[in-house]
Amino acid sequence: MFAELFESLRGRELTDALDRLAQSSPDYDQWGYSPKDSQAFARFGYLAYRYFRPQITGIENVPPGRVLIVPNHSGQLPFDGLVVGISCLLGAQPPRLLRAMAERWFPSLPFVNVFFSRAGVVVGDPINCRNLLESDNAILVFPEGAKGSGKTWWKRYQLENFGRGFMRLALQTNTPIVPVSVVGAEESIISIHNAERVADTLGMPYFPIPALLPVLGPLAFLPMPTKFYVDFGEPLRFTGPFDDEDESIDKKVQVVKDKIQSMIDERRANRPSVF
């Protein structure tokens, strides 16, 4: 019985997907990714995946070859990215390792920077992203950036402004964009205030103050077991010059943003419960 439980927590599907990826990847690539070293990160992600019990729809919309996976961002901590990433490892055909674009401050974090690099995370630099796309990788991009994940409760499920970078890269490399909505992360850690002075002191983009901090103390920073709903939309393709005027790029970006917002609204209207 204990052996079966342990194997369930490890995730046989995850192990098989990682083995398939390792067979077709070098020991280390030029960005520091290691199929072997990434397994610890993937198993942590799998535990988060099991914890949030996600309902996944539309995973068949993730195509082989180069692709930009573009979700909304929320939840204070990057559990949304972990769940989306594990979803693509387990459900996409073939299994896809998402190369996540991280904020530029993450290389300054001791130990974390190496750990993230070995797991496939890359600094969100346009050159890095373009080179990865031209090598037919799947890229995870959050156009809202840190402002998205650091939303307070009053702004839940309201998308922040999207950057233009992902759209310019999609146009430059002829890459499809798969819009993704994540519902459930906003309620996992409810933030009622961003302590900007504390964030500045620590060199962080934001520092959330959870609603339950007076009651639970530091435990309030742990996520509640809300149920995640992750919906992958049909790929969107755009044409035109990548160095077009900002106004023209903004119109294309708005199409993606509106699609994700409509997916969020539809899922929220139809989910039976936060938990």
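Predicted model: local features only at pLDDT ≥ 70, side-chain atom pairs only at ≥ 80, totals over all residues.

Colleague: How are the rings of phenylalanine 52 and phenylalanine 228 arranged?

Modeller: Their centres are 4.2 Å apart, and their planes make an angle of 20°. Planes under 30 degrees apart count as stacked. The pair of phenylalanine 52 and phenylalanine 228 is therefore stacked.

Colleague: How many residues apart in sequence are the parts that this pair ties together?

Modeller: Phenylalanine 52 belongs to helix H3 (residues 38-52). Phenylalanine 228 is in the loop between helix H10 (213-216) and strand E9 (229-232). Phenylalanine 228 is buried, as is phenylalanine 52. The pair thus links parts whose separation in sequence is 176 residues.

Colleague: Which residues form one aromatic cluster with Phe52?

Modeller: The model has six aromatic pairs. In one of them, tyrosine 51 and phenylalanine 52 are 5.0 Å apart centre to centre with 80° between the planes, an edge-to-face pair. Tyrosine 51 is partly exposed, at 35% relative accessibility. The residues that form one cluster with Phe52 are Tyr51, Phe79 and Phe228.

Colleague: Over which ring does the charged end of arginine 156 sit?

Modeller: A charge sits over a ring only if, among other conditions, it is within 6 Å of the ring centre. The charged end of arginine 156 is 3.8 Å from the centre of the ring in question. That ring belongs to tryptophan 153.

Colleague: Which are the edge strands of the open sheet?

Modeller: The sheet has seven strands with mixed pairing, in the order E1-E9-E6-E2-E5-E3-E4. An edge strand here pairs on one side only. The edge strands are E1 (55-57) and E4 (122-123).

Colleague: Which residue is the bridge partner of isoleucine 69 in E5?

Modeller: Strand E2 (residues 67-71) and strand E5 (residues 138-140) run parallel and are joined by three bridges. In E5, the partner of isoleucine 69 is leucine 140.

Colleague: What angle does the direction of helix H4 make with that of E9?

Modeller: Helix H4 (residues 79-91) packs on the sheet. Helix H4 touches E1, E2, strand E3 (98-102), E5, strand E6 (177-183) and E9. Its direction makes an angle with that of E9 of about 55°.

Colleague: Which residue of E9 stands opposite threonine 57?

Modeller: E1 and E9 run parallel and are joined by three bridges, whereas E6 and E9 pair in the antiparallel sense over four bridges. In E9, the residue opposite serine 181 is aspartate 231. The residue of E9 opposite threonine 57 is likewise aspartate 231.

Colleague: Which buried residues cover the two faces of E9?

Modeller: Both faces of E9 are covered, and the residues concerned are all buried. On one side they are Tyr229 and Asp231; on the other they are Val230 and Phe232.

Colleague: How far apart in space are valine 178 and phenylalanine 232?

Modeller: Valine 178 is in strand E6 and is buried, with a relative accessible area of 0%. Its contacts beyond four places in sequence include Val67, Ile69, Phe232 and Pro235. Valine 178 and phenylalanine 232 are 54 residues apart in sequence, yet their C-alpha to C-alpha distance is 6.7 Å.

Terms used: Residues numbered from 1 in each chain as written. Heavy atoms only, no water. Phe/Tyr/Trp six-rings, centres within 6.5 Å; stacked < 30°, edge-to-face > 60°. Buried < 20%, exposed > 50% of the residue type's maximum accessible area, 1.4 Å probe, protein only. Lys NZ or Arg CZ within 6 Å of the ring centre and 35° of its normal. Pairing = 2+ DSSP bridges. Contact = heavy atoms within 4.5 Å. Axes fitted to C-alpha atoms, helices over the stretch in contact; angles between N-to-C directions.
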